[in-house]
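Reader: Hey, can you walk me through this structure? I'd like to go spot by spot.

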Amino acid sequence: MTQGKVVSIHIAPKGSAPMRSLDFVQAVAGKGLEGDRYFEFKGTYSKKGGPEREITLIESEAVEAAERDYELKADPGKIRRNLVTRGVALNHLVGREFKVGGVRLRGIRLSEPCDHMESLAGVAGIGKALVHRGGLRAEIVEGGLIGVGDSVAAD
């Protein structure tokens, strides 16, 4: 079993708006995170649609590696992912169901960084530093409340 935890939660009310940190967020199956840009179809890429816009996760270890390997200091909350985790290899969850607290998710694909994310993060080179470790796009299979400190676990 792979197990980690949620270290922070971030949403933005619309595309390109600054991310704000929360202690808790409601995850709704088939929609996303209440209050987030993609929940209301106000995200930069909302027109593409699909479940891969419901929730995104990134490993805090990946952000730390960008600092160590590329000497880039990035605030994990500005990297445009909803959940920052620790202690779980997110790349291994592509195609698998897993739980975050009591919420069931299904990993869809890696969330590779783009120029738009890099410009909003305000850290030149962070996109390159996060290639293949920029996070995970996931579908919310069973909704509920997610909180900082919740476990992230896959069988």
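Reader: Let's start with Arg53. Which residues is Arg53 in contact with, leaving aside its neighbours within four places in sequence?

Author: Arg53 is in contact with Tyr38, Tyr45, Lys48 and Arg137, once neighbours within four places in sequence are left aside. Keep in mind that this is a predicted model.

Reader: OK. Where is the place of Arg53, and is Arg53 buried or exposed?

Author: Arg53 sits in the loop between β4 (32–33) and β5. Its relative accessible area is 9%, so Arg53 counts as buried, the limit being under 20%.

Reader: And Thr56, in which strand does that one lie?

Author: Thr56 belongs to strand β5, which covers residues 55–59. With 7% relative accessibility, Thr56 is buried.

Reader: What does Thr56 touch, not counting residues up to four places away in sequence?

Author: There are contacts with Arg80, Arg81, Asn82 and Leu83, and also with Ser111, Leu136 and Arg137.

Reader: How many residues line the largest pocket, and which lie nearest its centre?

Author: The lining has 22 residues, and Tyr38, Tyr45, Arg81, Cys114 and Arg137 lie nearest the centre.

Reader: What about Pro113, in which loop is it found?

Author: Pro113 is in the loop between β8 (103–110) and α2. Pro113 has a relative accessible area of 18%, and since the cut-off for buried is under 20%, Pro113 counts as buried.

Reader: What does Pro113 touch, not counting residues up to four places away in sequence?

Author: Pro113 touches Arg81, Gly127, Leu130, Val131 and Gly134. There is also a C-alpha separation of 8.4 Å between Pro113 and Gly135, which are 22 residues apart along the chain.

Reader: Is Glu71 buried or exposed?

Author: Exposed, with a relative accessible area of 71% for Glu71. Within α1, on the other hand, Ser60, Ala62, Val63, Ala65 and Ala66 are buried.

Reader: And His132, what is its phi?

Author: His132 has a positive phi too, near 65 degrees, and is a residue other than glycine. Its place is the loop between α3 (126–129) and β9 (136–142). At 53% relative accessibility, over the 50% limit, His132 therefore counts as exposed.

Reader: Last topic, rings. How many aromatic pairs does the count come to?

Author: The count of aromatic pairs comes to 0.

Methods
Residues numbered from 1 in each chain as written. Predicted model: local features only at pLDDT ≥ 70, side-chain atom pairs only at ≥ 80, totals over all residues. Heavy atoms only, no water. 1 Å grid on protein atoms, 1.4 Å probe; cavity = no way out; pocket = protein on both sides within 12 Å on 5 of 7 lines; lining within 4 Å. Buried < 20%, exposed > 50% of the residue type's maximum accessible area, 1.4 Å probe, protein only. Helix = DSSP H or I, 4+ residues; strand = E, 2+ residues; numbered from the N terminus. Contact = heavy atoms within 4.5 Å. Phe/Tyr/Trp six-rings, centres within 6.5 Å; stacked < 30°, edge-to-face > 60°.
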